[in-house]
Amino acid sequence: MGMRINTGSGIDPGLVDKLIEMERLPIKQIEERKKKVSEDQKGYKDLTALVSSLGQSLNSLRNRTDFVKLKVESSHPDIVDGTVDNSALPGQYEVEVLHLARTHKSLAEAFPDKDETPVGFGYMSIEVDGKTFDVDIDPDKSTLAQVAATINETVEGAKAIVVNTKENIETGEDSFRLLVLSEKSGKQAKVTIDPDTTYLEFKDQVVGRNLEMSFEDVPVFDEDNSVEAVMPGLVMNAKRAEPGTKVTIKIDYDLEKTFESITGFIDNYNKVNEFVDKQFQVDPQTNQAGALSKDNTLKTLRRSLQNAMQYRGNGKIQTLAEVGITTDPKTGALKLDETKVKKALADDYIGVANLFTQNAEGPGFGATMGDAVRSVQNPRYGVLPSKEREFTRMIENFDKDIERRERNASQRAEGIKRKFAALEGLVSGMKAQGQGLAQNLGGGGVLPGM
C-alpha cells in the first residue's frame, strides 16, 4: 500500500506504511459502523416485507365482497356447469337446456383432393353479420386449400377449412369439401355466400341457432353457450342439450376458500410476531437481546398489532376466540383451532363475516387490523418508512465522511512520503560526509559508530 524506501539509510522501510495505516484507522472504524447500520437496515427491510405480506392477506378480510367466497355445484355438470363471483346470491336454481347455440356452416361440393385439382376462377361474395366481403380467386391458385387460405385472409367473422368427409371412399367418389362457418354462434351470426358470384356450389349444412334454456321456468336465449346475464355474478356454461332434464344449480358459500383466507392472515401475522419476538429474546451466551430490540420502531409495531388483537365486535359473534382463534400468552403468536373455525363458518357464515368485515355494526376485525398495519406503513409518518429514511440518511452521511477522510488521508500519506524521502536523503548525505571525513583522517573510510 505505501512506498518502500530502501537506500541503505538505516530507516525501517515499513515505518511509512505503518504511519499511513494509522492515518486510515478512523476510516476503518467508520466503515465498521456503516456495516453495522447496513445490517440493521437489512433486518428492517425483511420486517417491512413481512408486514407488507400481512397487509395483503388482510385485503380478503376487510370488506364483505372480499371476504365472502362462493362456489357453484351442478347436479349434472355434463349438461351445464358454471362459475360465480361474490356478487351472486346464494341459493338453489333449476335449469333446463333445450338447444345449444351453434354456428352457421356452409359446405361446398366435393373434390378428389385439397391441393391439386383446380376448382375454377373468379370471385365469391360472402356476407357475415351484415358485412360483405369479396374474395378474389387467382385462377393459377385455385385448389380447395388455396381458396380456404384466401377466405381466411380476407373475411372477418368467418373461417374456411378443407374437410375430408370420407363419405364416398367405398364408391370412389370425391370426398374433399370446403367448409365455411361463422366464428360466432347464434342465428344472427349467419354466413351467406352469393350463388351468383361463385363457381362453387354451396349448401347450408347447419343453420346458426341461439342457445335456448329455461332458468326457474323462465325462457332464456343467448347467442353462445355461455350465459352471463341471467343473474349478477353467475356464468352458466351449457355443455349439451337435454330437454326434460332439470339441472340443479346450487350457489353456496365456499368454506374452504374462506378458511384459506383466514389461515393466510394468521400465517403472516405469526411471521411478523416471530421476527419481533426474536429481537427481544436474550441470548444466554451473550446475555444480550437482538440488535433491533433497543429501537422504538419494533415496540411501536408490536403495540399496534396487539391493540388490534383486542378487537371486540357488536354482532352475534364478538371475538376471534369464539370462532377458534386465540393468542399464545407467552409468544403472542396466534393459534387456530381448525375444527372450531370450520364449524363456525358452517353454522353461521354471515356471523363470521360480520366479525371480520366492515358492516353496520362497526369496522370489523379485518378493517381494524388492516388500519393498524397501514398506520405503520404510512409513507409520511409510519414507523417503518421513517426508520428506512433514517437508515438512508445515516449511510449517506457515513459515505460522505468516508470520502472526505479518504481524501485527507491520501493527502497526509503523500506528505509523510515526502518527509521520509527528505529524511532519507539527509541521513544518506550525512553518512556519505562521515565516510569521506574518515578517509581523510585515515580511518579506513569508516567513522566510529557508523
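Predicted model: local features only at pLDDT ≥ 70, side-chain atom pairs only at ≥ 80, totals over all residues.

**Notes on the model**

1. In helix H8, the residues Gly364, Phe365, Gly366, Ala367, Met369, Gly370, Ala372, Val373 and Val376 are buried, where buried means under 20% relative accessible area, exposed over 50% and partly exposed in between, with a 1.4 Å probe and protein chains only as cover. Helices are DSSP runs of H or I with at least four residues, strands are runs of E with at least two, and both are numbered from the N terminus.

2. Residues are numbered from 1 along each chain as its sequence is written, and side-chain values use heavy atoms, with hydrogens and water left out.

3. Helix H7 (residues 349-356) is likewise mostly covered, since six of its eight residues are buried. The buried residues of H7 are Tyr349, Gly351, Val352, Ala353, Leu355 and Phe356.

4. The structure holds 19 salt bridges, a salt bridge being a side-chain nitrogen of Lys or Arg within 4 Å of a carboxyl oxygen of Asp or Glu. One of them joins aspartate 78 to arginine 240, with the closest N and O atoms 2.6 Å apart. This pair links distant parts of the chain, 162 residues apart, with aspartate 78 in the loop between strand E1 (70-74) and strand E2 (80-84) and arginine 240 in the loop between strand E14 (234-238) and strand E15 (247-253). Aspartate 78 is partly exposed at a relative accessible area of 41%, and arginine 240 is also partly exposed, at 32%. Asp78 and Arg240 are linked with Glu242 in a network of salt bridges.

5. Another salt bridge is formed by lysine 239 and aspartate 81, whose closest N and O atoms are 3.0 Å apart. Here too the pair links distant parts of the chain, 158 residues apart, with lysine 239 in the loop between E14 and E15 and aspartate 81 in strand E2. Both partners count as partly exposed, lysine 239 at 42% relative accessibility and aspartate 81 at 23%.

6. Which partner does aspartate 277 have in a salt bridge? Aspartate 277 pairs with arginine 302, the closest N and O atoms being 3.4 Å apart. Because aspartate 277 lies in helix H4 (residues 255-280) and arginine 302 in helix H5 (residues 296-308), the pair ties together parts that are 25 residues apart in sequence. Aspartate 277 counts as buried, at 17% relative accessibility, whereas arginine 302 is partly exposed, with a relative accessible area of 24%.

7. Alanine 372 is among the buried residues of H8. Glutamate 274 lies in helix H4 and is partly exposed at 43% relative accessibility; its C-alpha atom is separated by 8.5 Å from that of glycine 332, 58 residues apart along the chain.

8. On the surface, Glu127, Asp129, Glu223, Asp224 and Glu228 gather in a patch of negative charge. Patches are made of residues with over 30% relative accessible area and no salt bridge, like charges being joined within 9 Å and nonpolar side chains (Val, Leu, Ile, Met, Phe, Trp, Tyr) within 5 Å. Glutamate 127 is placed in strand E5 (residues 122-128) and counts as partly exposed, at 33% relative accessibility.

9. Most residues other than glycine have a negative phi. Glutamate 216, however, has a positive phi of about 55° although it is not a glycine, and aspartate 217 has a positive phi of about 70°. Glutamate 216 is found in the loop between strand E11 (211-215) and strand E12 (218-222), and aspartate 217 is placed in the loop between E11 and E12 as well. Glutamate 216 is partly exposed, with a relative accessible area of 40%, whereas aspartate 217 is exposed, at 58%.

Note on methods. Areas by Shrake-Rupley, 256 points an atom, 1.4 Å probe, with all protein chains shown as cover. Lys, Arg positive; Asp, Glu negative; His and termini not counted. Charge placed at Lys NZ, Arg CZ, Asp CG, Glu CD.
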